[in-house]
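Have the structure open as you go through the points.

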Amino acid sequence: MTACDRIELSHRTTRLRYHRAGGVGRIGTDRVTRHVQRDDAPSGELKPTDEMLSAAVGRRDESAEAWGHALHAFEVLYRRHGSKLLGFLAGRVPRGEVDDVHQTVWQRVWQFLPERFDGNNFRAWLHQIARNHVIDESRRKRADLLPEDGEQRLPDEADLGPDSRLLESERRDVLARCLERLREEQSQVVRGRLGGDSYDDICERFGLTAARAHKLFHQAKEQLANCFRESFR
Amino acid sequence: MTVHALDVPETEAIPAWLDRHVVGPHLASLVAELTAVHGDAEPQTLEQSLGDRLDAVLANGLAAAGPEGCAALLRSPRGLLELQERVVVEGGSHWDEVASSTGVDILLDGGWKRLHRSIEDDRSPAPVVRVASWRTTVLASLLTAAATVLVMLGLRDLSSDPAPAKPSGWGWNRPGALAANETRSDYLAGLADSAEEWFKKRPESAEDVAARLLQFRHGCSTLILATHEPLTDEDRTWLRGKCRAWAVKLDAHLVALEADGDPLEVRAAADETIRSLIGALRTRATTV
């Protein structure tokens, strides 16, 4: 019995349909109920590690049953790591491409796992696939924009770092212009609050009452939100 | 358009608020906004901001950074992007719990369906077209479209209010949009032109954006169910697969709107989706 066979849970079930191996003319789908273990299952219940799950995915071609186990294990990996990966990608690719890039990354994980994953630290491997794909896409787009004289500058690893992938420069510039329209008092309170200062700290530093500080921040928020919204119409 | 930084809570709640942003989809926007507030003159690295508390933060979240650490990250916000990457690779179970509380699971549900289908499609031999299986596909698509309308609008009685998803006569639902007497490339280019009609109206309220999205989504069902006579079998398979993928994305935009998402932000996201599908259609039209 494999590790995946021993997985049982009480909190959530997922019905998986999969096709049994066969050619055209096979009977059809067999509905098989498997239980996907949520990662918040009570302690004491077996929780497969990433490495156990990836081992099951790697054995997918051994039999039809192994294929079913592999899909099941892959879904656990996907749900376990997908949300954090989505957040990572959302900060590094255009908004409309995040889902497609996320999908492509997981397709590559499925494709390359049996041959290229060494069984250690699945998360680091997943992250590397995502980084490489984002870099490749960035290079491809830059190549499309080469000047006519053919001068090329390929991006290097540093282009994936925070300094180069800030895709929200327009948002930053608009907000900066809106901030310039605030009165000095409002601006001081905004910088304090968005710098992690408490109202007590702000009041003491600028000689304000608590009521005054709250009012200034509330007014500034409204003004900034309106200015920001108008700038993007 | 939401300014995420303006939602900053009271000081004691800042660590949990930042935790949600580190695993959420809006961190880049927050970093841009904080950079606008504080400038970028002397950025600190993540290690400089957190010092020897970094390991504790990776294990237990930003509560372990203390007020000084959180303030350092707010003032030098690019460290938050570094932290996001470190969390993907090294974050403890705390970050999994935070991620699951952001409601992104619903996007993963749709994403898993697409992924599962693509894995099975890559494995299966080319399907033999049979009338019985076509009917099953039609029925499944109709049920999916109907269920989407009901869930998104919370309809109880279809006779009581007009359904916004009725064909409105634009885009792919416009009479003549799927003309059978065109060449293959003109047909695909025509589909792209029809999709461009999305940009002719720019709704701003949540209700109007939802109605426009549902109308476009209905157009996807029209494409999935149509016979596409000018196209080859390979084109039809490609087009229907793409329509299903686009339909999942449009459903996700509707979900975001229903979850009190900013209508202009949702519309902007839908714009990107639709520009992407227009590009795919035009590219396909020019391939031999």
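1. Start with helix 12 and helix 13 of chain B, which are roughly antiparallel to each other because their angle is over 145 degrees, the cut-off for that word. In this predicted model, helix 12 (residues 233-258) and helix 13 (residues 263-286) of chain B pack at about 175°, with their axes 10 Å apart. Axes here are lines fitted to C-alpha atoms over the stretch in contact, with angles running from 0 to 180 degrees between N-to-C directions. Helices (H or I, at least four residues) and strands (E, at least two) are DSSP runs, numbered from the N terminus.

2. Who touches whom there? Helix 12 of chain B brings residues including Trp238(B), Leu239(B) and Trp246(B), while helix 13 of chain B brings, among them, Val266(B), Leu277(B) and Leu281(B). Contact means heavy atoms within 4.5 Å. By class, this contact has 12 nonpolar, 2 polar and 4 charged residues (Ala, Val, Leu, Ile, Met, Phe, Trp, Tyr, Cys and Pro count as nonpolar, Asp, Glu, Lys and Arg as charged, the others, Gly among them, as polar).

3. Now look at helix 1 (residues 14-22) and helix 7 (residues 93-100) of chain B, which pack at about 80° with axes 9 Å apart. That makes helix 1 of chain B roughly perpendicular to helix 7 of chain B (the range is 65 to 115 degrees). Asp19(B), Arg20(B) and Val22(B) meet His94(B), Trp95(B) and Val98(B).

4. On to the two chains: 64 residues of chain A are in contact with 65 of chain B. Together the chains bury about 6000 Å², 60% of it on carbon and sulfur atoms; buried area is the accessible area (1.4 Å probe) lost on being put together, summed over both parts. In chain A, Lys84(A), Arg171(A) and Leu194(A) lose the most area to chain B, together 11% of what that side buries.

5. How many salt bridges are there between chain A and chain B? The count is 6, with a side-chain nitrogen of Lys or Arg within 4 Å of a carboxyl oxygen of Asp or Glu as the rule. One of the salt bridges joins Asp197(A) and Arg75(B) (3.0 Å, N to O).

6. A word on conventions. Residues are numbered from 1 along each chain as its sequence is written, and chains are lettered from A in the order in which they are written. Local features need pLDDT of at least 70, side-chain atom pairs count only at pLDDT 80 or more, totals for chains, interfaces and linings use all residues, and side-chain values use heavy atoms, leaving out hydrogens and water.

Key
Buried area is the accessible area (1.4 Å probe) that two parts lose on being put together, summed over both. Angles under 35 degrees count as roughly parallel, over 145 as roughly antiparallel, 65 to 115 as roughly perpendicular and the rest as oblique.
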